[in-house]
Amino acid sequence: MRYIGITLFLMAFSSLAVFADEPDIIFIMPFDNAIVNTESTMVMYDTEPGFIPKIEHMGFELPAPLIVGGNENDLHHLTLKLKEGKNTLIWTNPATEKRLGEMTIYYVPSYSMKRVPRSKGKEFKFHSRDMEARCNLCHSIPQEMETVRDNPMSPVGKVCSACHSDIDTAAKPHEPAGTYDCFSCHQPSYDPARFALVNSQMALCATCHSQTTDSLLGQKFVHGPVASGECLICHDPHGGKRKNLLRSSTLDMCMRCHFDTVPQEVKNSLHGDLECDDCHQPHGGGNPNFLIEEGANLCLSECHDLPDEELGGHPIPGHPRQAAVDPSKPGRQMWCLSCHKIHGEEDISQLDIFNDTEIQRTFCMRCHY
Ligand code: HEC
Ligand code: HEC
Ligand code: HEC
Ligand code: HEC
Ligand code: HEC
Ligand code: HEC
Ligand code: HEC
Ligand code: HEC
Ligand code: HEC
């Protein structure tokens, strides 16, 4: 306690010397260069009674924080939606335009591909005894929470939603989160870290979904992130707006990792309004590339089930759409993708093939040389 007293004294002294008449911004949490994994984060600070600073986040001015009056200083509660990666916040005095403080916060969600080098940032964990004690001057975060485990709907379970309201207000909650069974996944003691996960990702899911995890790992072709147990890349453990606890549209989820296979313009091209999981199984499956059906059946079964005559022959009357050998790729069968591109690149069917002899020559000559 004595150390804290001395530091506070020194801080007050030095800031007096620098900004003689400017109000102080005394940060409580988090700290400069904090790494957080919550999108909605709180920034708390003290300042002179009645003073309302201007706060900019990435160049945009934020609405005024929740201000709680105290005896000496006012306590400001600022709730922020962070952008993935680096966020900068700047406090200024609106009257003098003088900069009073700034803070950098890195938001790295658990499913992010981005990493912050250790030299740049340090992870912020809120639920320590000290930090909770500061809030408990006015709020109540009980120290003992074991009782909730077997009684998930007891009022103590709702303690959490006083501050984490986005979890139990999800439109499609994950059942245990929606019933306040928080401690089936988070452990309540301070040792090793309060509310840390009781198990690592896949093992955590397996405590209740062991049949699913066993069958996922037993597939002939297992998708990379499933094999490495990273279920949280695609699933939000608390649920959210979408069914199956999905974090975002499959297109956005898949493109996080497969931006180089599928061109960015995919949204505007041939198969643009399809979602990735219209053709691929997200966890893997029995077919190569986790396709929902094998070979030409993928294209023919639901979408392009027209007979040759109705397609006007393909591409010319009498031409086979499938054959045992693809002359342009020795060793492989000829099928739809011998001539068509599937992921948004310009496809042969979008070109004026029957009026452009140059296209015809290069295209037909791939096989009829
Ligand atoms: C001096 C008293 C006081 C202290 C200390 C305090 N709070 Fe608050 N807090 C309040 C009041 C008053 C409200 C408004 C309650 C209401 O609107 O019902 C509030 C509201 C909140 C809310 C609701 C969010 C919002 O914007 O409405 C959260 C979350 C919160 N506090 C978190 C914290 C945390 C975390 C700490 C510790 C770092 C803390 N508070 C410390 C008094 C305090
Ligand atoms: C007084 C407000 C408050 C209450 C009540 C509260 N939390 Fe938190 N919690 C926070 C704040 C603030 C953070 C830091 C992240 C942020 O800014 O949202 C946090 C972070 C967390 C984290 C991320 C790890 C960490 O320590 O930063 C977990 C997990 C968590 N809370 C679980 C819970 C659970 C479970 C409960 C109920 C038993 C609970 N919290 C009750 C305010 C609160
Ligand atoms: C099925 C397991 C599970 C249940 C049940 C669960 N959580 Fe979580 N929670 C997680 C996992 C996994 C993470 C880490 C997710 C991440 O890093 O994105 C997490 C992260 C958090 C965080 C910090 C990140 C965030 O999303 O804000 C808070 C706060 C939190 N949980 C609170 C709660 C509360 C409160 C409950 C009960 C209403 C609860 N959790 C129930 C698995 C669970
Ligand atoms: C404490 C038990 C428990 C844990 C741990 C748990 N779940 Fe669940 N989960 C359930 C229950 C209960 C349901 C609802 C019944 C059902 O569909 O099986 C459910 C449903 C689901 C659903 C279907 C949701 C829907 O919209 O239909 C998905 C997806 C899911 N869980 C994924 C996960 C993932 C991923 C994890 C690991 C982060 C996990 N679960 C951990 C209990 C759990
Ligand atoms: C690459 C993204 C991705 C990853 C990684 C992932 N899932 Fe899924 N998961 C999905 C999608 C998308 C669905 C929706 C169903 C569909 O489209 O077939 C789903 C559906 C589910 C369902 C509900 C439907 C069903 O098949 O029973 C469960 C349970 C589930 N996932 C569990 C898991 C578990 C456990 C892990 C980790 C081992 C995991 N998922 C990893 C994308 C993913
Ligand atoms: C976290 C990153 C990540 C996400 C998100 C992701 N994948 Fe993958 N995907 C991988 C990895 C890693 C592999 C294995 C690559 C390898 O073995 O060459 C893979 C392999 C594949 C393959 C097989 C490619 C091959 O060469 O065998 C397909 C198809 C695929 N993913 C489709 C999808 C779809 C569809 C989605 C969205 C539902 C998705 N992926 C989301 C990481 C990801
Ligand atoms: C209309 C069906 C269809 C849709 C929609 C589709 N794919 Fe594919 N994808 C395929 C087929 C067919 C293959 C196999 C290509 C081959 O055999 O040459 C494939 C192969 C892949 C591969 C592995 C081969 C490679 O090119 O590296 C990845 C990764 C992949 N798809 C990702 C995606 C993602 C991500 C999306 C969503 C943006 C998506 N696919 C949408 C049909 C589709
Ligand atoms: C030998 C090359 C070749 C093969 C094999 C082939 N196509 Fe085509 N396909 C074409 C060409 C060239 C066009 C453009 C014809 C045109 O402009 O009229 C086309 C056009 C299409 C069109 C657009 C038709 C329209 O009216 O706009 C569809 C759909 C199609 N093909 C589906 C398939 C499917 C499904 C398969 C596999 C069962 C397949 N194709 C196999 C060459 C091929
Ligand atoms: C991906 C390879 C491929 C491409 C590209 C291709 N073909 Fe073919 N074509 C074949 C195969 C395989 C056959 C059937 C085997 C054979 O007879 O050689 C065939 C057969 C034919 C036949 C004989 C059909 C019959 O009645 O027996 C003609 C004519 C023909 N192709 C014309 C074309 C023209 C014109 C184009 C360009 C618009 C074209 N092909 C593009 C692979 C291809």
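Burial classes here use a 1.4 Å probe and protein chains only: buried is under 20% relative accessible area, exposed is over 50%, and partly exposed lies in between. The model is predicted, with local features requiring pLDDT of at least 70 and side-chain atom pairs pLDDT 80 or more, while totals for chains, interfaces and linings use all residues. Residues are numbered from 1 along each chain as its sequence is written, chains are lettered from A and ligands numbered from 1 in the order written, and side-chain values use heavy atoms, leaving out hydrogens and water.

**Stop 1: ligand 7**

The NE2 atoms of His 280 and His 343 coordinate the iron atom of ligand 7 at 2.0 to 2.1 Å. Donors are N, O and S atoms within 2.8 Å of the metal (3.2 Å for Na, K and Ca); water is not among the atoms, so sites may look incomplete. Why is the arrangement octahedral? The six donor atoms around this iron atom subtend angles of 87 to 179°. Six donors count as octahedral if opposite donors are over 155 degrees apart and all others between 65 and 115. For six octahedral donors, the ideal angles are 90 or 180 degrees.

The iron atom of ligand 7 is held by His 280 and His 343, and this pair links distant parts of the chain, 63 residues apart. His 280 sits in the loop between helix H7 (250-258) and strand S14 (284-285), and His 343 in the loop between helix H9 (336-339) and helix H10 (357-365). Helices (H or I, at least four residues) and strands (E, at least two) are DSSP runs, numbered from the N terminus. His 343 is partly exposed, at a relative accessible area of 29%.

**Stop 2: ligand 8**

Select ligand 8 with His 314 and His 340. Both histidines coordinate its iron atom through NE2, at 1.8 to 2.0 Å. The site is octahedral, with angles of 87 to 179° among its six donor atoms. His 314 lies in the loop between helix H8 (297-300) and H9, and His 340 in the loop between H9 and H10, 26 residues apart. His 314 is partly exposed at 23% relative accessible area, and His 340 is partly exposed at 26%.

**Stop 3: ligand 3**

Which residues coordinate the iron atom of ligand 3? They are His 186 (NE2) and His 238 (NE2), at 2.0 to 2.1 Å. The angles of 88 to 179° subtended by the six donor atoms make this arrangement octahedral. His 186 is in the loop between helix H4 (175-178) and helix H5 (201-217), while His 238 is in the loop between helix H6 (224-227) and strand S13 (239-240), 52 residues apart. His 186 has a relative accessible area of 24% and is partly exposed; His 238 is partly exposed, also with 24%.

**Stop 4: the core**

Now select Val 43, Leu 89, Trp 91, Ile 105, Phe 124 and Phe 126, which have the most contacts inside the largest nonpolar core, a set of 29 residues. A nonpolar core is a set of buried Ala, Val, Leu, Ile, Met, Phe, Trp, Tyr and Cys residues joined through side-chain atoms within 4.5 Å. Elements that each supply at least two residues of this core include strand S3 (40-47), strand S8 (85-92), strand S9 (99-107) and helix H2 (129-135). The largest share, four residues, comes from S9. At least three core residues come from each of domain 1 (21-124) and domain 2 (131-184), with bounds taken from an automatic or database domain assignment.

Centre on Phe 126. Leaving out residues up to four places away in sequence, Phe 126 touches Met 29, Met 131, Glu 132, Cys 135 and Ile 141; contact means heavy atoms within 4.5 Å.

**Stop 5: the sheet**

An open sheet of six strands runs in the order S5-S4-S8-S9-S2-S10, with mixed pairing. Two strands pair if DSSP finds at least two bridges between them. S5 and strand S10 (122-123) are the edge strands, each pairing on one side only.

Select strand S4 (residues 54-57). S4 pairs with S8 in the antiparallel sense over four bridges. Glu 56 stands opposite Ile 90 in S8, and His 57 opposite Leu 89. On its other pairing, S4 meets strand S5 (residues 60-61) in the antiparallel sense over two bridges, with His 57 opposite Phe 60. The hairpin of S4 and S5 has two residues between the strands, and Met 58 takes a positive phi near 50° there.

Finish at Thr 92, in strand S8. Thr 92 is buried, with a relative accessible area of 10%. Among the residues it touches, not counting those up to four places away in sequence, are Phe 51, Pro 53, Lys 54 and Arg 99.

How values were computed. Four donors count as tetrahedral if all angles lie between 85 and 135 degrees; four count as square planar and six as octahedral if opposite donors are over 155 degrees apart and all others between 65 and 115; anything else is irregular.
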